[in-house]
Amino acid sequence: MKRFLFLCAASLLAAAACGQPSVRIAHGPYLQQVSEDGFTVVWTTTVDAAAWVEVAPDDGTHFYAEERPKYYDTHIGKRRTGQLHRVRVGGLRPGTTYRYRIMQQAVLRDEGNKRVILGEGYGSDILKHEPYRATTLDPSRERIECWVVNDIHGRDSILRQLLADAPERRPDFVCFNGDMLTQIESVSELFDGYLDTAAELLSPAGIPIFATRGNHENRGSASHRYLDYFPTPTGEAYYAFRQGPVFFLMLDCGEDKPDSDIRYYGLAATDAYRAQEAEWLRQVVASDAYREAPLHVVFLHMVPGGKSSWHGEQEIRRLFVPILNEAEVDVMLCGHYHRYGWIDDGSRGTNFPILINSNRDKLVVKADRRGIDLEVIDPAGTTLKRHRIDSRSADTAPDRRP
Ligand SMILES: [Fe+2]
């Protein structure tokens with residue numbers, strides 16, 4: 001006990017001597033990259049810190065009943081320090097709920113190889129007595145529900161209205177389908193524009209975010225840091241996952257104009273990136289994991305091009321649509337136009353329907369192996385549109401797994 005008190009006193013003295021404030025949680029946490037065997041927790045702190053996540057099963061025991069496993073914020077074999085923290089929790093069971101709390105120690109003094117002094121620990125349990133929760137994905141789930149919002153463009157109050165009942169309804173996840181900001185000039189814009197509200201409403205309920213990048217998220221001084229805040233399993237802005245009967249393709253649309261456009265200042269390299277993405281897409285739709293799933297849903301911010309479309313949409317049609325037309329896609333969910341649309345006449349070259357969600361409504365997606373129900377709901381909670389899509393492969397349902 002004496003030793004403990006001595007260490008506490010030494011830590012406080014060191015903090016005071018360094019003139020450093022205690023570390024506090026600045027933004028978050030929010031859940032990213034949830035998979036069948038893990039999840040990633042993202043948050044920021046008020047000062048540079050070393051962070052970790054402690055995880056306990058959701059079994060009714062007290063979080064402090066025993067020492068819980070710690071997962072550190074590491075990168076290439078070393079703990080990271082800084083204000084942004086991304087901790088991967090792995091080795092978990094599918095379809096299982098876990099409790100977690102986030103912890104950090106301020107970097108009181110960093111003299112490089114000579115000396116590093118960390119401060120006292122500070123964690124989410126001090127702000128919030130209930131631990132957070134996270135549930136791993138489960139391909140055997142019979143029925144799933146996810147919500148989609150897009151083109152918020154930093155209108156935080158609209159997002160708050162659209163997600164207000166998420167804590168009660170508890171969808172499996174919320175998809176931010178692009179253009180959540182008009183540009184990413186600074187990291188604080190991300191939080192002020194929508195992520196603070198998202199974390200406040202979604203994280204206590206254990207609802208993860210799956211994001212796609214819109215054309216506008218390519219713009220601004222901090223746009224190159226997008227993946228720092230929305231890490232993906234591929235390390236790219238495109239990725240895929242399965243939840244319940246649905247295989248989700250999360251595609252990156254790139255920019256809307258040609259790379260040479262004067263508004264991009266010579267910095268756009270979208271065309272090559274979309275071509276790289278198309279090669280990845282070709283491999284994913286050929287995989288067993290894709291083919292075994294009863295249903296396939298594509299999230300993509302921009303819409304495949306029509307006759308009068310801009311360059312980006314034309315490239316999406318040229319590069320992605322031929323691959324998707326061979327891949328039994330049940331529906332593609334887009335944004336970008338800021339108004340509702342339903343395209344099932346093949347006018348965009350697709351052999352699957354496209355739903356375009358507006359910039360002020362949310363789309364509720366419910367699916368089981370027989371099909372998908374889509375519901376467009378306005379901020380007041382009124383249902384504006386409904387669509388039903390029966391599974392394209394009813395002959396092979398309930399599942400294509402051998
Ligand atoms: Fe857009």
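This is a predicted model: local features need pLDDT of at least 70, side-chain atom pairs count only at pLDDT 80 or more; totals for chains, interfaces and linings use all residues.

Author: Two strands are said to pair when DSSP finds at least two bridges between them.

On one side of the pairing is strand E19, residues 362-368, which runs antiparallel to E20 over 7 bridges. Within this pairing, Lys366 stands opposite Asp373 of E20. The two strands make a hairpin, with 2 residues between them.

E20 also pairs with strand E21, residues 383-390; this pairing is antiparallel and has 7 bridges. Here Ile377 has Thr383 of E21 as its bridge partner. The hairpin of E20 and E21 has 5 residues between the strands, and Gly381 in that hairpin takes a positive phi near 95°.

The account now turns to the spaces in the model. The structure holds 3 cavities of 30 Å³ or more. The largest cavity contains about 70 Å³ of space. Its lining includes Gln32, Gln33, Tyr226 and Phe230, and strand E12, residues 209-212, gives the largest share of that lining, with 3 residues. By class, the lining of the largest cavity comprises 9 nonpolar and 3 polar residues, with no charged residues.

The second largest cavity contains about 40 Å³ of space. Tyr226 and Phe230 are among its lining residues as well, together with Ile184, Val187 and Arg225. Helix H5 (187-202) and helix H6 each supply at least two residues of this lining. In the second largest cavity, 7 lining residues are nonpolar, 1 is charged and none is polar.

The largest pocket holds about 610 Å³ of space. Of the 27 residues lining this pocket, the closest to its centre are Asn218, Arg219, Gly220, Ser223 and Glu255. Helix H6 (226-229) and helix H7 (270-285) each supply at least two residues of the pocket lining. That lining is made up of 9 nonpolar, 10 polar and 8 charged residues.

Notes. Residues are numbered from 1 along each chain as its sequence is written. Side-chain values use heavy atoms; hydrogens and water are left out. On a 1 Å grid over the protein atoms alone, a cavity is a set of points where a 1.4 Å probe fits but cannot get out, and a pocket is an open set with protein on both sides within 12 Å along at least five of seven lines; lining residues have an atom within 4 Å of a point. Grid points are joined across faces, edges and corners, and a volume is the space filled by probe spheres set on the points. Helices (H or I, at least four residues) and strands (E, at least two) are DSSP runs, numbered from the N terminus. Ala, Val, Leu, Ile, Met, Phe, Trp, Tyr, Cys and Pro count as nonpolar, Asp, Glu, Lys and Arg as charged, and the others, Gly among them, as polar.
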